[in-house]
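Please read the following report alongside the sequence and the coordinates. It treats confidence, the sheet and the salt bridges in turn.

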Amino acid sequence: MPKAAANVDDEAIRIIVPLCAVFRRKLRAERLKYTPERAKILDAVIAFTGPFQAEQLIARLRSGEVGAGDLRISKATVYRTIKLLAEAGIIQQVLVDAEHAHYQLAYGRTPTGLLIRTDTHEITQLDLPDLAATCERACRERGLVPQGYRLVVYASAD
């Protein structure tokens, strides 16, 4: 074993199952197929760096930005796939406002907080390592293993 690898903390090493495998398992459990359309939707979701809305996902797919090519993906397919991705734990809904659903990639990413301006609806991701440590400690003290957390801070200039 190389010296550099010998000093690596085992807790820091996390093996992540590829998202397509996680999604395929969910689809198989629902007796559904992993179609080229669903694969492109998953690729488009992974390409987002922050929260997104279904309409933004549809626009990205239609623009060919993620290589959808000749695939014609209906809105209904996108909305059904979003629901399946959420059920599989790959994405999570973010509560921005009551009018529009936003989503963000959750699986395999370090949880972050969100700061949402209620006056402009601007969303900023927050890296809060102290919050992560607090959540982990709270779970550990209760003999639990954290599965994730979500923090949304609503603020305005008022």
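## Confidence

In which helix of the protein is confidence lowest, and in which is it highest? The mean pLDDT (the predictor's confidence in each residue, from 0 to 100) is lowest in helix α1 (residues 3-6), at 40, and highest in helix α5 (residues 75-87), at 94; helices (H or I, at least four residues) and strands (E, at least two) are DSSP runs, numbered from the N terminus.

This is a predicted model, in which local features need pLDDT of at least 70 and side-chain atom pairs count only at pLDDT 80 or more, while totals for chains, interfaces and linings use all residues. Residues are numbered from 1 along each chain as its sequence is written, and side-chain values use heavy atoms, with hydrogens and water left out. The protein averages a pLDDT of 79, with 82% of the residues scoring at least 70.

## Sheet

Three strands form an open sheet in the order β1-β3-β2, with antiparallel pairing (two strands pair if DSSP finds at least two bridges between them). Because β1 (52-53) and β2 (91-94) stand at the edges with a single partner strand each, one side of each is left without a neighbour in the sheet. Q53 has H102 in β3 as its bridge partner.

## Salt bridges

Seven salt bridges are found in the whole structure, each a side-chain nitrogen of Lys or Arg within 4 Å of a carboxyl oxygen of Asp or Glu. In one of them, E87 meets K26 with the closest N and O atoms 3.1 Å apart, and this pair links helix α5 to helix α2 (residues 19-29) across 61 residues. E87 also forms a salt bridge with K83 at 2.7 Å, N to O.
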